[in-house]
Amino acid sequence: EKLTGLVADLNLTTKLEYALRPLEVRQLDAVELARQAVSEVLNGGLSDAYTLTFTEAAPGTRLTVAGDPALLGRMLANLLHNSVDHNPGGCAIEVMVGPAAGGCLFTVADNGAGVAPDRLRTLNRGGPVASTQAPDPGGCDHGLGLRIVRQIVRAHRGRLSFAAASPHGLVVRVWIGAK
């Protein structure tokens, strides 16, 4: 299963890198998109060592983004799995969605191991994404998850940033436009 997943990730990253997969852009409900990603992770057998919460910054406000539902869902799933995979002892993960300058801001934050300051600078400059957090004890530290996230954000003409959480952990913010 891991090998099949790795091959699928490699295929997707190649398709995104060379624009071999056309975007199926639609107007999407950003809150529902994030809720669905959280639900899938929770229903996928998430260990009790993790807590996963969802926060909507503007309850009752319809937040829309223009994007490919499968790719944006994959982006959020990859960010959630990144928090889980790189914090094997458990952590609290929060997914937040809110309005931001002509679009929507998705935030995935955890209070896990975090990322070294030099790696944060590299990530924010668009450098290699492998080994972002503590090494995965299962040896699955290939970095394709965040590479795919970056490619999906780029394909949607969005913005991506990484920051340290206080007192420790990682905060990933993704801005995607409404048009």
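This section describes the fold, sheet, core and confidence of a predicted model.

The chain has 179 residues, of which 44% count as buried. Five helices and seven strands are assigned, and from the N terminus on they follow the order α-β-α-β-β-α-β-β-α-α-β-β. Among contacts with a separation of 6 or more, 69% are made by residues 24 or more positions apart. The accessible surface of the chain is about 9,200 Å², and carbon and sulfur atoms account for 54% of this area.

The mean pLDDT is 85, with 84% of the residues at 70 or more. Over residues 131–142 the pLDDT falls below 50, although this stretch has 29 contacts in the model beyond near neighbours in sequence.

Five strands form an open sheet in the order S2-S4-S5-S7-S6, and the pairing is mixed. S2 and strand S6 (159–164) are the edge strands, each pairing on one side only. From one strand to the next, the twist averages 15°.

The pairs are taken here in the order of the sheet. S2 pairs with S4 in the parallel sense through seven bridges, and Glu 56 is placed opposite Val 97 in S4. Between S4 and S5 the pairing is antiparallel, with eight bridges; here Ala 100 faces Gly 103 in S5 as its opposite residue. These two strands form a hairpin with two residues between them, and Ala 101 in the turn has a positive phi of about 30°. S5 and S7 also run antiparallel and are joined by eight bridges. Within this pair, Cys 104 stands opposite Ile 176 and Leu 105 opposite Trp 175. The pairing of S6 with S7 is antiparallel over six bridges, with Leu 160 opposite Val 174 in S7. S6 and S7 make a hairpin as well, with five residues between the strands. In its turn, Gly 169 has a positive phi of about 125°. S7 is largely enclosed by the rest of the structure, because seven of its eight residues are buried.

H2 lies across S2, S4 and S5, and its direction is at about 170° to S2. H3 lies across S2, S4, S5 and S7, running at about 20° to S5.

The largest nonpolar core comprises 41 residues, and Met 75, Leu 80 and Phe 106 have the most contacts inside it. Beyond its neighbours within four places in sequence, Leu 80 is in contact with Ala 37, Val 38, Val 41, Leu 52, Ile 93, Val 95 and Val 108.

Terms used
Residues are numbered from 1 along each chain as its sequence is written. This is a predicted model: local features need pLDDT of at least 70, side-chain atom pairs count only at pLDDT 80 or more; totals for chains, interfaces and linings use all residues. Side-chain values use heavy atoms; hydrogens and water are left out. A nonpolar core is a set of buried Ala, Val, Leu, Ile, Met, Phe, Trp, Tyr and Cys residues joined through side-chain atoms within 4.5 Å. Buried means under 20% relative accessible area, exposed over 50%, partly exposed in between (1.4 Å probe, protein chains only). Contact means heavy atoms within 4.5 Å. Two strands pair if DSSP finds at least two bridges between them. Helices (H or I, at least four residues) and strands (E, at least two) are DSSP runs, numbered from the N terminus. Axes are lines fitted to C-alpha atoms, for helices over the stretch in contact, and angles run from 0 to 180 degrees between N-to-C directions. pLDDT is the predictor's confidence in each residue, from 0 to 100. Accessible areas come from the Shrake-Rupley method with a 1.4 Å probe; for residues, only the protein chains shown count as cover.
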